[in-house]
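Here are some notes for a colleague opening this entry for the first time. Please read them with the sequence and the structure side by side.

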Amino acid sequence: MFYLFLFFVVVTLIVLLFIGIHPTFGGNAMKKQKTAYSKFDNFSNGKFVNQVPTKMSMSAMDLLSMIKDFIAGRKDRSPSGPIQESVMDWNKINSEKDSLTWFGHSAFLLSIDNKKLLVDPMLGPVASPVSFAGSKRYGNNMLHIIDEMTFLDAVFITHDHYDHLDYSSIQRLKSKVGHFFVPHGVGAHLNRWGVAKEKVIELNWWDEIAFQGLTVALTPSKHFSGRGIFNRDTTLWGGWVILGKNTRVYTSGDGGYDSHFKEIGKKYGPFHMTLIEGGQYDKRWAWVHMTPEEAVQAHLDVNGKNMMLIHWGAFTLAYHAWTEPVERALQKANEANVNLITPKIGETVSLTGEVTVPFSAWWGS
């Protein structure tokens with residue numbers, strides 16, 4: 001019994017040492033920053049909190065049912081073969097026209113007023129702190145795309161989860177980005193990874209700044225954060241509003257459905273394009289991820305004209321079929337008369353004038 005106890009102690013120490021040493025787990029805010037956070041309305045007892053009380057735990061029955069689902073292993077949770085991807089059109093991407101290019105999940109490149117803006121650049125092969133475990137990308141490793149990109153005016157991060165903030169992607173990006181816009185606390189991760197402090201701009205919910213002719217604001221979402229065992233909710237999460245001369249964009253970040261969408265719509269709508277998360281949902285964690293139907297409603301709440309569903313198409317993080325999010329969203333969008341576009345991964349969509357994409361159910365072929 002003693003040797004078993006000793007074994008567990010040693011294993012625990014090794015894990016804690018690994019978390020402390022390995023950079024992918026990120027950094028921690030300085031004492032001065034934490035003191036400033038304590039004055040925020042959305043910070044309590046050393047943690048960031050949602051606008052409304054939010055359940056952040058599951059019952060024993062929920063945990064048991066998750067284990068059962070994991071063991072059962074639905075085959076349709078991931079593609080049976082390679083998924084269709086579009087050939088990158090760099091001439092179109094690098095033109096002065098407003099455009100959007102999706103890289104799967106929640107990563108996309110925006111061109112607004114000839115400013116190149118990259119959002120949630122998770123382009124690595126696995127959504128995990130280690131390469132041997134976690135959800136692997138459906139398609140090929142996309143890190144090489146970063147090498148092909150021109151100088152980026154800004155990178156926007158919605159929160160610090162591994163499927164949105166990727167260490168390997170930041171390592172390739174940091175030398176070719178002008179500024180990083182992040183929620184409070186996330187800057188500590190970037191600083192540990194070698195991003196200069198003067199490049200990082202941290203915001204709280206409803207903070208708004210002018211950036212090279214654009215208006216940028218961090219908006220609330222109902223979610224949580226953390227990259228390690230002991231840093232749950234020590235960094236903030238949210239969505240981004242990016243307003244140009246002709247194109248007004250909103251991306252929700254991760255989060256459950258609630259009244260904050262109507263608040264955002266009232267303050268910043270209408271939006272020419274919304275990018276709303278609607279994948280990786282489950283009734284067992286309905287408070288932190290939306291269903292596709294809720295995503296369409298969130299689009300309507302913020303007063304969006306054109307919509308794209310994100311948080312799907314690259315990783316399996318939930319127990320539904322991998323194509324279910326877009327199929328359900330299309331059905332709901334049709335009922336609600338919402339223009340939902342479904343470009344292929346890597347396809348560039350013009351945001352000038354009417355936003356249209358020739359429809360093809362590429363995920364079903």
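Predicted model: local features only at pLDDT ≥ 70, side-chain atom pairs only at ≥ 80, totals over all residues.

1. The protein chain contains ten helices and 18 strands. Its C-alpha atoms fill a box of roughly 70 × 50 × 40 Å along the principal axes.

2. Taking contacts between residues at least 6 apart in sequence, 68% join residues at least 24 apart.

3. The accessible surface of the protein chain is about 16600 Å², and carbon and sulfur atoms account for 58% of that area. There are 36 positive and 34 negative side chains, and the centres of the two sets are 5 Å apart.

4. Helix H8 spans residues 260-268, and its buried residues are His260, Phe261, Ile264, Gly265 and Tyr268. They lie on the same side of H8, because they cover an arc of only 140 degrees around the axis. An α-helix has 3.6 residues a turn, so residues three or four places apart point the same way. On the face turned away from the buried side, H8 carries the exposed residues Lys262 and Lys266.

5. Pro270 sits in the loop between H8 and S15. The peptide bond that joins Gly269 to Pro270 is cis, with omega at about 0 degrees.

6. Gln212 has a phi of about 50 degrees and is found in the loop between S11 and S12. Asp233, with phi near 65 degrees, is placed in the loop between S12 and S13. Are these residues buried or partly exposed? Gln212 is partly exposed, with a relative accessible area of 40%, whereas Asp233 counts as buried at 12% relative accessibility.

7. Leu300 belongs to helix H9 and is partly exposed, its relative accessible area being 38%. Leaving aside neighbours within four places in sequence, Leu300 is in contact with Ala336 and Val338. Leu300 and Ile157 are 143 residues apart in sequence, and their C-alpha atoms are 24 Å apart in space.

Note on methods
Residues numbered from 1 in each chain as written. Heavy atoms only, no water. Buried < 20%, exposed > 50% of the residue type's maximum accessible area, 1.4 Å probe, protein only. Helix = DSSP H or I, 4+ residues; strand = E, 2+ residues; numbered from the N terminus. Arc of directions from axis to C-beta. Contact = heavy atoms within 4.5 Å. Areas by Shrake-Rupley, 256 points an atom, 1.4 Å probe, with all protein chains shown as cover. Lys, Arg positive; Asp, Glu negative; His and termini not counted. Charge placed at Lys NZ, Arg CZ, Asp CG, Glu CD.
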